[in-house]
Amino acid sequence: MATAAAPSAASRIAVVTGASSGIGAATARQLAAAGYRVVLTARRKDRIEALAEEIEAAGHKATAYPLDVTDREAVDEFATAFKTVGVLVNNAGGALGADPVATGDPDDWRRMYETNVIGTLNLTQALLPKLEASGDGTVVVVSSTAGLSTYEGGAGYVAAKHGEHVLAETLRLEIVGRPVRVVEIAPGMVKTDEFALTRFGGDQDKAAKVYQGVAAPLTADDVADTITWAVTRPAHVNIDLLVVRPRAQASNTKVHREA
Ligand code: 8X3
């Protein structure tokens, strides 16, 4: 079994987007515990500052940087703060709506493309020179099983997640030979505080139905664990794509629900 490589001095900074909650927050905690100096970004300043304080109080290194990943000017400004970056975790994103193609809201589709795809593009473009300068960089794209196959009512989100999947796959081809790995983590059903609630505009009942009868959906920590595992493999090992689902979910549309 391969042992986890300790982060080298040059690759010690890990930037996590969408770090204010869910998978992003859990990933920030776990990467900090693995020895990275984590840089938490999200729009919600209070949340990332509180999380940075919590991580520091646990004896690790964390800083908070409020950032909207869709604001390219702000992202470019953010990138000037670093000489080198070891890890970029593109986690910011999410779903809006679950309407059929016939009635889906084009604004939702646009916003999902902006946050999931353009957000990932912005951070990746801005930090790629810094990742390369580390001599051993890793770009993580947190996509989704929605990036690999579709389901009814999911088209807007599925299209955006396919975009992220293609970004990761293409970037890996384009930068081969350079010292940067491109890792895609594709989670299936994960129960977090906000994902389903945001998708359904704050409707608690609709959000609860997503997980109804599912004994044990994945948690944010389960996904953070796979991200941390992938980035702590020895530098020559590239985990191209890791699909992770709860045992109760065999595909996007085949879920075991208890009565
Ligand atoms: C989340 C998985 O099934 O809601 O990315 O599309 S799903």
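Select F78 to begin: in this predicted model, F78 has a relative accessible area of 0% and is therefore buried. The rings of F78 and F82 form an edge-to-face aromatic pair, with 5.1 Å from centre to centre and 75 degrees between the planes. A pair of aromatic rings is described by these two quantities, the distance of the centres and the angle of the planes. Ring pairs join Y65, F78 and F82 into a cluster. Over the whole structure, a search finds 3 aromatic pairs.

Now show the entire chain as a cartoon. Its secondary structure consists of 8 helices and 7 strands. The chain has a radius of gyration of 18 Å, close to the 18 Å that the globule rule gives for 259 residues, so it is as compact as a globular protein of that length. Along the principal axes, the C-alpha atoms fill a box of roughly 50 × 40 × 35 Å. Of the 259 residues in the chain, 49% are buried. Among contacts between residues at least 6 apart in sequence, 72% join residues at least 24 apart.

Switch to a surface view. The accessible surface of the chain comes to about 12,400 Å², and carbon and sulfur atoms account for 53% of this area. Then colour the side chains by charge: there are 26 positive and 31 negative side chains, and the centres of the two sets lie 4 Å apart.

Return to the cartoon and select N238, in the loop between helix 8 (220-231) and strand 7.

The last stop is Q249, in the segment after strand 7 (241-244). Which residues does Q249 touch, not counting those up to four places away in sequence? The contacts of Q249 are with G188, M189, K254 and V255. Q249 has a relative accessibility of 8%; the limit for a buried residue is under 20%, and Q249 therefore counts as buried.

Technical notes:
Residues are numbered from 1 along each chain as its sequence is written. This is a predicted model: local features need pLDDT of at least 70, side-chain atom pairs count only at pLDDT 80 or more; totals for chains, interfaces and linings use all residues. Side-chain values use heavy atoms; hydrogens and water are left out. Rings of Phe, Tyr and Trp (its six-membered ring) pair if their centres lie within 6.5 Å; planes under 30 degrees apart count as stacked, over 60 as edge-to-face and the rest as tilted. Buried means under 20% relative accessible area, exposed over 50%, partly exposed in between (1.4 Å probe, protein chains only). Helices (H or I, at least four residues) and strands (E, at least two) are DSSP runs, numbered from the N terminus. The radius of gyration is taken over C-alpha atoms; the globule rule is 2.2 Å times the number of residues to the power 0.38. Contact means heavy atoms within 4.5 Å. Accessible areas come from the Shrake-Rupley method with a 1.4 Å probe; for residues, only the protein chains shown count as cover. Lys and Arg count as positive and Asp and Glu as negative; His and the chain ends are not counted. The place of a charge is taken as NZ of Lys, CZ of Arg, CG of Asp or CD of Glu.
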